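Thanks for asking me to look this one over. My notes are below, as a few numbered points to read alongside the model.

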Amino acid sequence: MDHAATTATRPEVAAAMVPYMTGHFGNPSSLYDLARVSREAVAAAREQVAAAIGAEPKQIYFTSGGTESDNWALKGVAFARKAKGNHIITSAVEHHAISHTCVWLEKQGFSVTYLPVDRYGMVDPAAVEAAITPETILVSVMMANNEIGTIMPVAEIGAVARKHGVLFHTDAVQAVGHIPIDVRAQNIDLLSLSGHKFRGPKGTGALYIGPGVRLDPLMHGGAQERGRRAGTENVPGIVGMGMALELATAEMEENTRRITALRDRLTAGLLSIPETYLNGHPERRLPNNVNVVFAYIEGESILLMLNRRGIAASTGSACSTTSLEPSHVLMACGLPHEVVHGSLRLTLGEQTTEADVDYVISAVMEIVQRLRDMSPLTPA
Amino acid sequence: MDHAATTATRPEVAAAMVPYMTGHFGNPSSLYDLARVSREAVAAAREQVAAAIGAEPKQIYFTSGGTESDNWALKGVAFARKAKGNHIITSAVEHHAISHTCVWLEKQGFSVTYLPVDRYGMVDPAAVEAAITPETILVSVMMANNEIGTIMPVAEIGAVARKHGVLFHTDAVQAVGHIPIDVRAQNIDLLSLSGHKFRGPKGTGALYIGPGVRLDPLMHGGAQERGRRAGTENVPGIVGMGMALELATAEMEENTRRITALRDRLTAGLLSIPETYLNGHPERRLPNNVNVVFAYIEGESILLMLNRRGIAASTGSACSTTSLEPSHVLMACGLPHEVVHGSLRLTLGEQTTEADVDYVISAVMEIVQRLRDMSPLTPA
Amino acid sequence: MYNETVMDHFEHPRNQGAIEDADGEGEVGNAQCGDIMKIYLKVEDDTIADVRFQTFGCGAAIASSSMATELIRGKTVEEAWDLTNKAVVEALAGLPPQKVHCSLLAEEAIHAAINDYRVKQGLEPWEETGGHREGHEH
Amino acid sequence: MYNETVMDHFEHPRNQGAIEDADGEGEVGNAQCGDIMKIYLKVEDDTIADVRFQTFGCGAAIASSSMATELIRGKTVEEAWDLTNKAVVEALAGLPPQKVHCSLLAEEAIHAAINDYRVKQGLEPWEETGGHREGHEH
Ligand SMILES: Cc1ncc(COP(=O)(O)O)c(C=O)c1O
Ligand SMILES: Cc1ncc(COP(=O)(O)O)c(C=O)c1O
Ligand code: FES
Ligand code: FES
């Protein structure tokens with residue numbers, strides 16, 4: 001129930017990767033052929049990834065994950081365009097891979113606007129337009145939020161950016177493989193994705209770089225990835241990511257239907273607990289995301305009790321983090337500190353069944369009751 | 001014969017990684033236990049890597065490869081210490097992961113000294129000392145050169161840096177798993193390594209960060225790797241790298257003996273070809289590296305002919321690169337342009353046999369003869 | 001993340017609940033993470049005859065409440081006052097570094113309850129920084 | 001990296017070698033990568049009766065030499081002069097972009113050899129930029 005954090009690699013994908021690790025192709029001494037096989041496998045994966053987001057293969061650059069893609073997009077554009085301007089626009093609900101990068105860029109002399117969101121976690125395209133100045137070089141707004149599942153009006157934000165000659169990056173790590181994407185129709189110049197979010201391998205990712213977009217490398221070195229991303233290619237990882245994304249795309253319609261139904265069942269079950277509220281947008285949300293808040297109790301203790309019952313989950317409570325900061329996403333949605341404390345995120349996967357959902361609902365009911373009994377805040 | 005470029009992952013390492021991909025540990029529904037198993041596996045790998053270089057586990061930070069480690073070390077220290085000074089010292093024979101990063105840092109306002117090397121590719125520790133100014137914040141000199149195999153006087157360079165309160169980084173990508181390393185005895189503050197150079201998986205690496213060393217993250221985001229390197233951990237990759245390095249370390253003595261003998265046999269065989277010369281240091285070189293130059297002929301055509309005979313190799317010839325620049329390493333050793341053209345690097349692996357070596361010698365002899373016959377430079 | 005002693009006290013908390021006619025009650029909040037703990041005391045012959053807690057907080061906070069109440073039950077009020085968060089952490093066989101502050105909540109809540117009792121008895125409240133007590137651990 | 005036609009001409013180069021008593025010889029060097037190509041011509045009745053090459057260079061340079069010599073053998077000197085590197089690349093069924101410059105070496109070496117022949121015949125050397133020739137491809 002924590003599939004937004006990470007998913008296990010599909011067994012068939014893992015199996016397909018092994019030969020590319022150990023290099024067992026036909027005649028093992030024929031290294032000439034070996035290199036060709038790897039090259040063709042990487043090219044095929046590039047096509048698979050491109051096809052999933054409506055891009056061309058040559059616009060796909062392989063990275064080590066969503067974090068690298070995000071860091072590269074932001075730092076790469078910032079340093080490449082700093083002669084043009086020093087202003088970046090992003091939202092208050094981005095993943096730390098974006099927001100912490102922005103904070104670092106501020107230390108390097110860039111200026112960053114963190115746009116507020118509404119109570120559902122949505123950025124208003126009009127607010128993006130209002131924030132653009134002659135100094136603005138980049139807008140970065142995520143496609144779908146990892147905590148509350150809200151799907152942003154990306155196409156509209158991209159149109160605003162394009163109108164003003166500003167580049168538009170979107171962190172689509174939670175969206176790729178889960179909802180349809182078309183970089184052209186959605187006016188996207190740069191897009192980050194991560195392999196392990198759609199049952200591909202961990203430590204793999206990609207950055208889509210649209211036509212004419214210039215950015216500095218984040219990884220300087222060899223001439224791999226047409227000189228834009230140095231480092232020996234993770235061939236097995238790339239092969240696995242391509243295959244996993246192709247499968248996810250092929251199965252998307254069917255999966256979405258099934259998982260949306262389970263999500264709605266889970267949501268309804270949890271909202272039947274008194275003083276429980278849904279976080280994120282009621283309709284425009286990822287098919288696999290449920291995020292609710294239970295009044296009077298605290299998230300880390302909910303997670304611990306769920307874990308003891310074999311259920312992994314996530315919370316926005318400050319107590320679950322080493323920094324003791326509550327979720328910046330839920331705070332940005334306007335929830336008070338003590339409410340954020342009681343939030344619970346459950347994200348469904350392809351293997352989740354109706355029986356799993358019903359088991360989770362009954363476990364949560366029992367746990368919420370126990371913790372409310374223990375809480376000094378619960379009204380008598 | 002191109003094991004310095006990359007090695008195949010050990011089959012037992014690949015096999016050990018698969019369960020960490022697909023997440024099949026005992027009861028798969030017990031996600032609480034799954035997370036614990038992964039955590040413990042990563043901790044064990046950290047100990048394996050630390051042990052191989054005389055470090056403590058908490059000084060090891062996992063990355064996506066040698067390139068990332070190099071970029072992180074240089075950019076991380078540069079940005080963290082820029083208030084202290086803006087001068088970096090490196091050598092003229094570094095891998096592009098270092099040299100291209102330095103060129104980029106120069107564009108960001110840092111000043112870089114590229115120290116010359118002697119004809120064997122060695123940096124003189126006295127030259128390091130002479131180059132240090134009050135502005136110097138970092139010295140980065142590689143432990144062993146990837147083209148010519150020369151092993152640098154790293155301990156002495158580290159001592160000089162320490163004496164002047166300057167941090168010392170070494171790119172040990174070619175050395176780790178191949179020669180003994182002790183970060184403490186060798187006065188190393190930061191050390192880069194890459195998994196696929198010692199039969200671990202591609203897309204894995206690590207940076208050793210010594211006590212008290214401050215550096216900015218290269219990957220901003222989540223709190224992984226104690227907040228210093230964000231991004232979901234590549235658990236299977238980390239597990240595989242740790243295991244491969246432990247095995248490489250255990251087998252090092254035995255392997256070094258065997259491979260050094262093969263290397264010397266190969267070197268002697270090749271040097272029996274007239275007008276053929278050894279590049280790199282005659283004694284202080286990696287046990288697996290042979291680099292020779294054949295007068296009058298060009299490297300890419302040697303490689304193509306070797307490839308047709310099932311032998312992979314590498315050259316410093318300009319013609320083999322997209323940039324049409326000849327090897328900066330061989331040029332730095334003082335070789336003239338036309339001589340660099342005829343260079344050939346052969347690097348041995350654990351599975352290389354005496355028969356392989358003899359086959360390569362006879363193949364090279366025949367190829368050199370054919371190409372010399374074709375060359376307008378060959379004296380009649 | 002938590003050891004077995006902590007998990008045991010978290011899952012089977014001792015002395016959880018409220019005391020209707022408590023002799024002393026103390027509620028404190030944790031500035032760092034926003035959590036809240038409430039302690040109820042029954043005192044007989046200067047001895048803690050009964051003690052209960054209510055906690056809104058993480059696993060460490062709940063386990064600390066449980067352990068701290070166990071440690072002061074049957075002790076004199078003065079002994080109870082002298083219970084430090086360090087002693088609670090030790091009795092729990094350790095807490096993760098970022099969770100040590102949660103145990104402070106228990107110490108503070110007990111102090112608040114004892115002083116509430118003392119004030120109700122017409123006594124001076126004790127000062128938080130008594131010289132005879134061991135140092136805190138944060 | 002190279003197609004089969006290129007690899008065939010690389011591995012089985014046509015017309016490799018020198019001509020002792022050549023009527024024209026031309027040697028050119030490649031500024032971009034430092035490679036060298038030499039062309040030897042035998043001319044009879046204004047026709048390329050024999051042609052040989054020597055090349056110090058990459059696979060593309062060797063294959064281009066081989067193909068270019070094949071293409072001019074039996075042609076008139078004027079036809080040989082009109083051979084462009086583009087035609088060589090086409091005859092080779094393409095070269096990787098960064099290797100197209102290697103084929104220019106062949107065009108230039110042939111020009112140098114033809115002008116050497118013309119000068120030896122007491123004729124004016126031809127100008128490199130004749131209007132009637134197709135454009136180069138770099
Ligand atoms: C929205 C979003 N962006 C970026 C990331 C970072 O991806 P990774 O951990 O694969 O580097 C994540 C996942 O944690 C995410 O959910
Ligand atoms: C000396 C040296 N440094 C850095 C690297 C880069 O390592 P990787 O390709 O694993 O990122 C290499 C390998 O190509 C190398 O030989
Ligand atoms: S009570 Fe908040 S972190 Fe323990
Ligand atoms: S001859 Fe040098 S690149 Fe072709």
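**Notes on the core and the ligand site**

1. The largest nonpolar core has 122 residues, and those with the most contacts inside it are A:L191 and B:L191. Such a core is a set of buried Ala, Val, Leu, Ile, Met, Phe, Trp, Tyr and Cys residues joined through side-chain atoms within 4.5 Å; buried is under 20% relative accessible area (1.4 Å probe, protein chains only).

2. A word on conventions: this is a predicted model, where local features need pLDDT of at least 70, side-chain atom pairs count only at pLDDT 80 or more, and totals for chains, interfaces and linings use all residues. Residues are numbered from 1 along each chain as its sequence is written, chains are lettered from A and ligands numbered from 1 in the order written, and side-chain values use heavy atoms, without hydrogens and water.

3. Which chains surround ligand 1? Residues from chains A and B do, so the site is shared between chains. The shell holds 14 residues, each with a heavy atom within 4 Å of the ligand; the closest are A:T67, A:D171, A:S194, A:K197 and B:T232.

4. Now the polar contacts (pairs of N or O atoms within 3.5 Å). The side chain of A:D171 places an N or O atom 2.6 Å from a nitrogen atom of ligand 1, and that of A:H196 has one 2.9 Å from an oxygen atom of the ligand. At A:G66, a backbone N or O atom lies 3.4 Å from a ligand oxygen atom.

Definitions and conventions. Buried < 20%, exposed > 50% of the residue type's maximum accessible area, 1.4 Å probe, protein only. Polar contact = N/O pair within 3.5 Å; in protein donor to acceptor, adjacent residues only side chain to side chain.
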